[in-house]
Amino acid sequence: MVTAILLTADEFPGELGDSYSSVCAMLGLEARKDGYGIVLCQDEGGARWTEFTTDVHGVDSVNSVLEMGFAAGYEADPATVVRRRPGWPLTCTVGYADLPQPHDPQDVLDADLLHAPEREWIPAGRRSLADHIVNELRAGGHLSEEQYVENYQFDAYNMGDHDPAPPPRYIDVRRLVAADHPVREHFDAALAQARSLAAKEDLPPGSIRLWKTWPREKYVVRANGSFWTLTALAGGPAVLLLDHVPAIPLALDEVPDLSALLTALATAAGRSPI
């Protein structure tokens, strides 16, 4: 295993699609209730291969260990592997040190070969950035920028780093959109679509996702549309990403019905069929 990623209705790489069902369809998988683990592997010649396993718990466990900074290995039980395809569906720049550089296997059909989405903004870049913002919100969206910097520096000093420079957060550089700004039309259209999505009864699985976070009464919600992604911490930062203004996080702070919209989206997330 080079690395492993969850593919469930609640957790899936946003750059691959707007919903769990659309990602499964793109990868040639059935959208099963319990989801899958995506395991990026190399064969003895260094060629890239991807295994799709039903051992979601095992993949989740190894990810928890990796996130704590510890090394961990994983090999899916062959009985749990439902499909094996050449290539990797996600960008990964690492590989095994004792093998040749990762490369696509030879003598396979192009139609079967998995490739990571092009690193362009629309739409994979937007969804990938939204993944990053969700992680910021879940890890410390309740902290102000000053508190975030203080906590980072405190931890860095304790680890022996005496000149710590915390990485900037996207949630701290979000911009308000003036009523007369040219992008306002798209901003308002995205919010209208988000309200419509929240009212739907037949939601695509994973089109609205919800995570509990700290403090306990808080939650992070994420919703996707054809040209937009909304990510927000209830009672905290809320961000809208638009294809019309690539890589610029737009603030939702002044939207009058933001609290009601987030509540409606959170409620709708519970109506997902998976």
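Is tyrosine 148 buried or exposed? Tyrosine 148 turns out to be buried, with a relative accessible area of 17%, where buried stands for under 20% relative accessible area, exposed for over 50% and partly exposed for anything in between, using a 1.4 Å probe and protein chains only. The structure is a predicted model, so local features need pLDDT of at least 70 and side-chain atom pairs count only at pLDDT 80 or more, while totals for chains, interfaces and linings use all residues. Residues are numbered from 1 along each chain as its sequence is written, and side-chain values use heavy atoms, with hydrogens and water left out.

Tyrosine 148 has a partner. The structure holds 1 aromatic pair. It joins tyrosine 148 and tyrosine 152, and it is tilted, at 6.4 Å centre to centre with 50° between the planes. For the record, rings of Phe, Tyr and Trp (its six-membered ring) pair if their centres lie within 6.5 Å, and planes under 30 degrees apart are stacked, over 60 edge-to-face and the rest tilted. Both tyrosines sit in helix 4, 4 residues apart, or about one turn of the helix. An α-helix has 3.6 residues a turn, so residues three or four places apart point the same way. Tyrosine 152 counts as partly exposed, at 33% relative accessibility.

Helices (H or I, at least four residues) and strands (E, at least two) are DSSP runs, numbered from the N terminus. Just after helix 4, glycine 160 takes a positive phi of about 95°.

Next come the pockets. On a 1 Å grid over the protein atoms alone, a pocket is an open set of points with protein on both sides within 12 Å along at least five of seven lines, whereas a cavity is a set where a 1.4 Å probe fits but cannot get out; lining residues have an atom within 4 Å of a point. The largest pocket has a volume of about 780 Å³, a volume being the space filled by probe spheres set on the points, with grid points joined across faces, edges and corners. Its lining counts 27 residues, and Ala4, Ile5, Pro13, Asp131 and Asn135 lie nearest the centre. Helix 3 gives the largest share of that lining, 6 residues.

The second largest pocket comes to about 310 Å³. It is lined by 13 residues, with Ala139, Tyr148, Tyr152, Pro167 and Arg169 closest to its centre. Helix 3 and helix 4 (145-158) are the elements that give two or more residues to this lining, and helix 3 has the largest share, 5 residues.

What about disulfides? The structure holds 0 of them, a disulfide being a pair of cysteine sulfur atoms within 2.5 Å. The sulfur of cysteine 24 is too far for a bond, because the closest cysteine sulfur, in cysteine 41, is 18 Å away. Cysteine 24 is buried at 0% relative accessibility. For cysteine 41, the closest cysteine sulfur is in cysteine 92, 11 Å away and again too far for a bond. Cysteine 41 is buried too, with a relative accessible area of 11%.
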